[in-house]
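Here's a quick walk through one model, from its inside to its charged pairs. Have a look at it first, then read on.

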Amino acid sequence: MKKLGALSIKILLTAFFLYSPKSIAQGVVSTSTPPEKATVTVHQDSRIKEALAIKSKMNFDDNFKIQLYYGNLSGANNVIGKFRKDFSEYPSSIEYETPNHKVWVGNFRNRIAADRALIKIQQKFSNAFVFKP
């Protein structure tokens with residue numbers, strides 16, 4: 001029994017010493033020569049730009065808007081006036097939903113574009129939020 005145990009220990013130690021340097025050596029990277037600069041060439045169909053231009057003109061129903069105000073008409077007129085003075089680049093409108101008026105801004109194609117605009121708008125209108133009508 002002792003010979004079998006000693007033999008198995010010798011086999012295990014031999015295997016350990018044989019395979020451990022290989023695993024360590026694989027992780028070593030030579031830094032003596034600098035890596036070469038890689039170049040990537042993209043071959044793009046000329047019609048892709050045309051297709052993207054057409055797609056950007058398409059109107060999708062899953063647009064996002066930003067709401068600035070919810071309340072009476074005089075408050076909505078006040079908020080939209082201030083908004084148009086500070087942010088003329090975004091379209092804005094007053095929407096009526098019985099019995100209140102809402103000030104809505106933009107018509108963003110995706111949530112990322114709406115969130116980018118929201119960051120700018122929240123500097124002046126802290127209660128603004130993005131929603132999907």
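A residue is called buried here under 20% relative accessible area, exposed over 50%, and partly exposed in between (1.4 Å probe, protein chains only). This is a predicted model, where local features need pLDDT of at least 70, side-chain atom pairs count only at pLDDT 80 or more, and totals for chains, interfaces and linings use all residues. Residues are numbered from 1 along each chain as its sequence is written, and side-chain values use heavy atoms, with hydrogens and water left out.

Let's start with the core. A nonpolar core is a set of buried Ala, Val, Leu, Ile, Met, Phe, Trp, Tyr and Cys residues joined through side-chain atoms within 4.5 Å. The largest one has 19 residues, and Ile66, Leu68, Phe83, Tyr90, Ile121 and Phe125 have the most contacts inside it. Two or more residues each come from strand 1, helix 3 (73-86), strand 3 and helix 4 (111-121); helices (H or I, at least four residues) and strands (E, at least two) are DSSP runs, numbered from the N terminus. Contact means heavy atoms within 4.5 Å, and beyond four places in sequence Phe83 touches Leu68, Tyr90, Ser92, Val105, Ile121 and Phe125.

Some polar residues are tucked away too. Glutamine 67 sits in strand 1 (residues 64-71) and counts as buried because its relative accessible area is 9%. Its side chain makes a 3.2 Å polar contact with that of tryptophan 104; the term covers N or O atoms within 3.5 Å, where within protein one must be able to donate a hydrogen and the other to accept it, and residues adjacent in sequence count only if both atoms are side-chain atoms. Histidine 101, in strand 3 (residues 100-108), is buried at 15%. Its C-alpha lies 6.4 Å from that of alanine 76, 25 residues away along the chain.

How many salt bridges does a search of the whole structure find? There are four, each a side-chain nitrogen of Lys or Arg within 4 Å of a carboxyl oxygen of Asp or Glu. The table includes these pairs:

| Pair | N to O distance |
|---|---|
| Aspartate 45 and arginine 47 | 2.8 Å |
| Lysine 102 and glutamate 97 | 3.0 Å |
| Aspartate 86 and lysine 124 | 3.9 Å |

Lysine 102 is buried, because its relative accessibility is 10%, while glutamate 97 is partly exposed at 41%. Aspartate 86 in helix 3 and lysine 124, in the loop between helix 4 and strand 4 (129-131), are 38 residues apart and link distant parts of the chain.
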